Amino acid sequence: MNQEQSILYIMFLIFTGTAILSTIALYTRQSLLVAYIVLGAVLGPWGLKLVKDSQLIQQTGDIGIIFLLFLLGLHLHPQDLLHSLRKMSWITLVSSFLFFIIGFAVSYFFHYTMTECLIVGITMMFSSTIIGLKLLPTTILHHQHTGELMISILLLQDIIAIAVLLFLQGMGDLHFSVKQVVLLAAAFPLLLLIAYVFQHFILAKLLMKFDKIHEYIFILSIGWCLCMAELAHLMGLSEEIGAFIAGVSLATHPISLYIAESLKPLRDFFLVMFFFTIGAGFNFGYLPDVIFPACILAGLMLIIKPVTFGWLLKHSGEPPSVSFEVGVRLAQISEFSLLVVFLALKTGLVSALTTYMIQAATMLTFIVSCYWVVLRYPTPLAASDTLRRD
């Protein structure tokens, strides 16, 4: 079987299986995202082994995160974003510190090493950008404001996560110098400047001149998104930040909403594979050794995160209903946490057992958080007509 046939076979398994499980999920009023994760666990290397190598699918699925951040940026006016970031900075710092303490304490109770306790604490600081915003409607004014609050918190968390990733990378790279840190700190404002100049003097004029040629707008938008993602990567930042900046730079253009709508199917295609790889990547042989601490950690996060975010947002002037809803939507552990722990494993800071414990806790919060949001709040994936919103 050649590579083209292998890719076709994998696509057949993923999307045929997804269609079947998604149908069952909708009839039983469950989250589609959970169906994607379960399918990965069933078909992956540690399940039926029908998909033996999930590396290619994982790389493809990562593109879904890039498109998700790009589309989110398209809905955010730069001035509104800056206002929300200023307001949410202290909330993000306080909540992150509290979640770190809880993660550290739980892992210390289960006799993990001090370094592993620190890593576990760090991984608890973040919430999932993908789940939080994939389940958020954007066509209702209330949820546009809710989205601004969530994106501000998530973006600040991502900045903290990137700093952590750089620190861990530095511990595994003896040549990582202070000069590189300074250059990296300068990369973010430089990327913003590049995005503004290119969008103002070139991109905006192209969009205005050829706005009636929909195929061109589609291609130009994808090119701009991936170009900024790759540029961010070359500058030492994450591809997701580059894609988000690309989206925000276009948010003031009248055609931004059309671009967002036209790219949604492409985003969903890649996100299916992202969640499939989360399920496929878990080694069930470690489950008996990690299930107890993972359940405790996941349970605490699912309870404490909504309460913490709800209380902090309420005291910042937000209505109680909005505050608690944001907390519920941010109740899970993050995909960034998986990146942190995998890098820590690569640099020898944690054991494989610790890695799978965090992975199990993350998957549990993904599943429970999806159910909670889909059954209680408006979402594009809700099975109930009264809660379904685009």
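The model is predicted, so local features need pLDDT of at least 70 and side-chain atom pairs count only at pLDDT 80 or more, while totals for chains, interfaces and linings use all residues. Residues are numbered from 1 along each chain as its sequence is written, and side-chain values use heavy atoms, with hydrogens and water left out. The protein has 15 helices and 0 strands; helices (H or I, at least four residues) and strands (E, at least two) are DSSP runs, numbered from the N terminus.

**Confidence and overall build**

- The mean pLDDT, the predictor's confidence in each residue from 0 to 100, is 81, and 85% of the residues reach 70 or more.
- Residues 1-5 have pLDDT below 50, and beyond near neighbours in sequence this stretch has 1 contact in the model; contact means heavy atoms within 4.5 Å.
- Of the 390 residues in the protein, 53% are buried. Buried means under 20% relative accessible area, exposed over 50%, and partly exposed in between, with a 1.4 Å probe and protein chains only.
- Among contacts with a separation of 6 or more, 80% are between residues 24 or more positions apart.

**Nonpolar cores**

- A nonpolar core is a set of buried Ala, Val, Leu, Ile, Met, Phe, Trp, Tyr and Cys residues joined through side-chain atoms within 4.5 Å.
- The largest such core holds 109 residues, of which Phe70, Trp224, Leu250, Ile259, Phe275, Val326 and Met357 touch the most other members.
- Helix H11 (residues 256-280) gives the most to this core, with 12 residues.
- Another core, of 8 residues, lies apart from the largest one and includes Phe100, Ile122, Met125 and Phe126.
- Leaving aside residues up to four places away in sequence, Phe275 touches Leu33, Tyr36, Ile37, Ile130, Ile131 and Phe366.

**Packing of H9 and H11**

- Helix H9 (residues 214-234) packs with H11 at an angle of about 75°, and their axes are 10 Å apart. Axes are lines fitted to C-alpha atoms, for helices over the stretch in contact, and angles run from 0 to 180 degrees between N-to-C directions.
- H9 and H11 are therefore roughly perpendicular to each other; angles under 35 degrees count as roughly parallel, over 145 as roughly antiparallel, 65 to 115 as roughly perpendicular and the rest as oblique.
- From H9, His214, Ile217, Phe218, Ser221 and Ile222 meet Tyr258, Ile259, Ser262, Leu263 and Leu266 of H11.

**Helix H5 and Thr123**

- Helix H5 is largely enclosed by the rest of the structure, because 7 of its 10 residues are buried. The buried residues in H5 are Glu116, Cys117, Ile119, Val120, Gly121, Ile122 and Thr123.
- Thr123 is placed in H5 (residues 114-123) and counts as buried at 0% relative accessibility.
- Not counting residues up to four places away in sequence, Thr123 touches Ile333, Ser337, Val340, Val341 and Ile358.

- Leu149 is in helix H7 (residues 141-171) and, at 2% relative accessibility, counts as buried.
- Met88, Glu318, Val322 and Val326 are touched by Leu149, not counting residues up to four places away in sequence.
- Leu149 and Met88 are 61 residues apart in sequence, and their C-alpha atoms are 7.3 Å apart in space.
- Ser238 lies in the loop between H9 and helix H10 (239-250) and counts as buried at 11% relative accessibility.
- Although 172 residues apart along the chain, Ser238 and Ile66 have C-alpha atoms separated by 9.6 Å.
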